[in-house]
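Please look over the briefing that follows, which concerns two neighbouring elements and how they are packed.

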Amino acid sequence: MARTSYTASEAARALGISLDTLRRWDRQGKIRVRRDSGNRRVVSAREVERLRGGDKPTLSARNRLEGVVRELKIEGLLAQVELDVTRGARLVAVITRESAESLGLEPGVAATAVVKATSVMVER
């Protein structure tokens with residue numbers, strides 16, 4: 001049976017944001033939540049999918065470098081992702097193994113490097 005709702009912490013995890021960010025989004029009206037009988041936030045699966053999908057990014061980062069995975073090295077808990085980005089540039093990011101697997105990263109797959117401050121994140 002398909003899941004219909006998430007707790008606030010489960011929804012935050014599914015969206016790749018912190019619980020504090022989810023709470024802030026709720027106060028700002030950026031995410032639709034309901035309250036259960038214990039006054040805890042509950043997020044519908046449809047709302048999580050709305051925020052995860054589409055062309056509108058869910059991250060506040062503005063620097064996005066689209067490219068193609070050139071190489072993926074997974075060792076232990078970490079994965080090294082090498083992307084060929086625009087104009088022949090190469091970008092290397094180290095992310096968790098779990099993230100690489102959940103994104104379905106492998107050579108030849110399109111992905112986007114998201115650069116925010118000194119961190120580089122990868123999305124697909």
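G29, which follows α2 (19-28), has a positive phi, near 80 degrees. This is a predicted model, in which local features need pLDDT of at least 70 and side-chain atom pairs count only at pLDDT 80 or more, while totals for chains, interfaces and linings use all residues. Residues are numbered from 1 along each chain as its sequence is written, and side-chain values use heavy atoms, with hydrogens and water left out.

**Helix α2**
- T21, L22, W25 and D26 of α2 are buried, that is, under 20% relative accessible area with a 1.4 Å probe and protein chains only.
- Seen down the axis of α2, these buried residues fall within an arc of 145 degrees (taken from the directions from the helix axis to the C-beta atoms), so they line one face of the helix.
- The buried residues of α2 pack against α1, β2 (34-35), β3 and α3, where contact means heavy atoms within 4.5 Å.

**Helix α1**
- In α1 (residues 8-15), the buried residues are A8, A11, A12 and L15.
- Viewed along the axis of α1, its buried residues fall within an arc of 100 degrees, so they line one face of the helix.
- Among the elements covering the buried residues of α1 are β1 (5-7), α2, β3 (41-44) and α3 (45-52).

**Where the two helices meet**
- The axes of α1 and α2, as lines fitted to C-alpha atoms over the stretch in contact, come within 9 Å and cross at roughly 105 degrees.
- α1 and α2 are therefore roughly perpendicular to each other, a term that covers angles of 65 to 115 degrees.
- A8, S9, A11, A12 and L15 of α1 meet L19, L22 and W25 of α2.

Note on methods: Buried means under 20% relative accessible area, exposed over 50%, partly exposed in between (1.4 Å probe, protein chains only). Helices (H or I, at least four residues) and strands (E, at least two) are DSSP runs, numbered from the N terminus. Axes are lines fitted to C-alpha atoms, for helices over the stretch in contact, and angles run from 0 to 180 degrees between N-to-C directions. Angles under 35 degrees count as roughly parallel, over 145 as roughly antiparallel, 65 to 115 as roughly perpendicular and the rest as oblique.
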